[in-house]
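Hello,

Here is the structure I promised you, with the sequence alongside. My notes on what turned up follow below it.

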Amino acid sequence: MIKVEWLYWLIGLVFVVMAVQMATDRSNPKRWTSAAFWGLLGLTFPYGTGVANATAGNGGWTLPAEPLGVAVLALIVLAGFNFLGKGVPVTTTGEQREAAAARLGNKIFIPALTIPLVAIVCASVLDESGLFESGKATLLGLGLGCIAALVVGMLVTGEKKVSVPIHSGRSMLEAMGSALLLPQLLAVLGSIFAAAGVGDQVGDIMNKVLPDDSKYLAVLAYCVGMFLFTVIMGNAFAAFPVMTAAIGWPVLIQQMHGNEPAVLAIGMLAGFAGTLCTPMAANFNIVPATLLELKDQYGPIKAQLPTGIALLGCCTVIMALFAF
């Protein structure tokens, strides 16, 4: 049986390998601290397995959580004090890339399409096969899809050295920097807010402000709240537990008898509308501007803002009309 932990260990190994590459790259003025950041991050993946075993009482090795917390603080210091740098990537010339693009044409999309195809097959066909850890077929399918896409990409492009995509991935990792971790950190923040009772407090405020049995105002509050919390936190998954605990579940579902899948799915979509409109969603809005070397780092947000507002309006109307 393929366990999800194996996928995490592989991800950690990739980070460690790239950290070694950074340490040997003299073109990076901050090569040692950059290598320390990504190498330390890579080591947290297998170490986290030991912490999870100790917490849940699972079999296997157990490790104390305190060193993992210290590692997280070290990552924050390295990123917060701008100790991450990037080297000069060794790549092809513009003419060579243009020639390769002309030669490959639309074949270049085959590796990208391989990822969802493999993930769908694993989740829908192999889920009950006993090949994957129970309940983890989709996640493992995504990981296997990435591995398959790497192989397919090398076959499509005719590349024979696996070091080439690893070096290219390392260059992209350096360009993205610590913003790569922002979605995970913000998702954890949402869980912390929920555990701290922020959703309950927001719910108490909404109960005092909203008139009784005002379905449309409650829908508006839920959708706009998902939108605004996502703008603040940068991640709809972080906003979801807060706003659902405050309005979605107690008011729209329990009190007003809304259809559970419809209310929650449309509410999440309203949060995704907020993702289009915030620099906190760095991996969606800031990192692309950096990779494309746009003059205006907020250019993607400005272009997406009308769509985000329109999507919020559509979500609100659809929930009000069809979720009850």
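There are three salt bridges in this predicted model, where a salt bridge is a side-chain nitrogen of Lys or Arg within 4 Å of a carboxyl oxygen of Asp or Glu. Before the details, two remarks on how to read them. Residues are numbered from 1 along each chain as its sequence is written. Because the model is predicted, local features need pLDDT of at least 70 and side-chain atom pairs count only at pLDDT 80 or more, while totals for chains, interfaces and linings use all residues; side-chain values use heavy atoms, with hydrogens and water left out.

Aspartate 25 and arginine 170 join through their side chains in a salt bridge with an N to O distance of 2.9 Å. This pair ties together distant parts of the chain: aspartate 25 sits in the loop between helix H1 (4–23) and helix H2 (31–56), and arginine 170 is in helix H7 (residues 163–176), 145 residues apart. (Helices here are DSSP runs of H or I with at least four residues, strands are runs of E with at least two, and both are numbered from the N terminus.) Arginine 170 also forms a salt bridge with glutamate 174, where the closest N and O atoms are 3.5 Å apart. In general, an α-helix has 3.6 residues a turn, so residues three or four places apart point the same way. Together, Asp25, Arg170 and Glu174 make up a network of salt bridges.

Buried means under 20% relative accessible area, exposed means over 50%, and partly exposed is in between (1.4 Å probe, protein chains only). Aspartate 296 and lysine 302 form another salt bridge, with their closest N and O atoms 2.8 Å apart. There, aspartate 296 is partly exposed at a relative accessible area of 29%, and lysine 302 is exposed at 56%.

Now the aromatic residues. Rings of Phe, Tyr and Trp (its six-membered ring) pair if their centres lie within 6.5 Å; planes under 30 degrees apart count as stacked, over 60 as edge-to-face and the rest as tilted. By this rule there are six aromatic pairs. In one of them, the rings of phenylalanine 37 and tryptophan 38 have centres 4.8 Å apart and planes at 85°, so the pair is edge-to-face. Phenylalanine 37 is buried, at 1% relative accessible area, and tryptophan 38 is buried too, at 2%. Both belong to an aromatic cluster formed by Phe15, Phe37, Trp38 and Phe45.

As for the overall fold, the protein chain has 14 helices and zero strands. Its C-alpha trace spans about 65 × 50 × 45 Å along the principal axes. Of its 324 residues, 35% count as buried. Contact means heavy atoms within 4.5 Å; among contacts between residues at least 6 apart in sequence, 68% join residues at least 24 apart.

Pro111, Thr114, Ala119 and Cys122 are buried in H5. Seen down the axis, the buried residues of H5 fall within an arc of 120°, so they line one face of the helix; the arc is that of the directions from the helix axis to the C-beta atoms. These buried residues pack against helix H6 (137–157). The face turned away from the buried side carries the exposed residues Leu113, Leu117, Ile120 and Ser124.

Helix H10 (residues 215–233) has 19 residues and should span 27 Å at 1.5 Å a residue; its end C-alpha atoms are 26 Å apart, which agrees. That expected span is 1.5 Å times one less than the number of residues. Among the buried residues of H10 are Tyr222, Met226 and Phe227. Just after H10, glycine 234 takes a positive phi of about 80°.

Finally, two loop residues to check. Most residues other than glycine have a negative phi. Asparagine 82, in the loop between helix H3 (66–80) and helix H4 (94–104), has a positive phi near 60°. Histidine 257 also has a positive phi, about 60°, and lies in the loop between helix H11 (236–255) and helix H12 (260–275). With 64% relative accessibility, histidine 257 counts as exposed.

Best wishes
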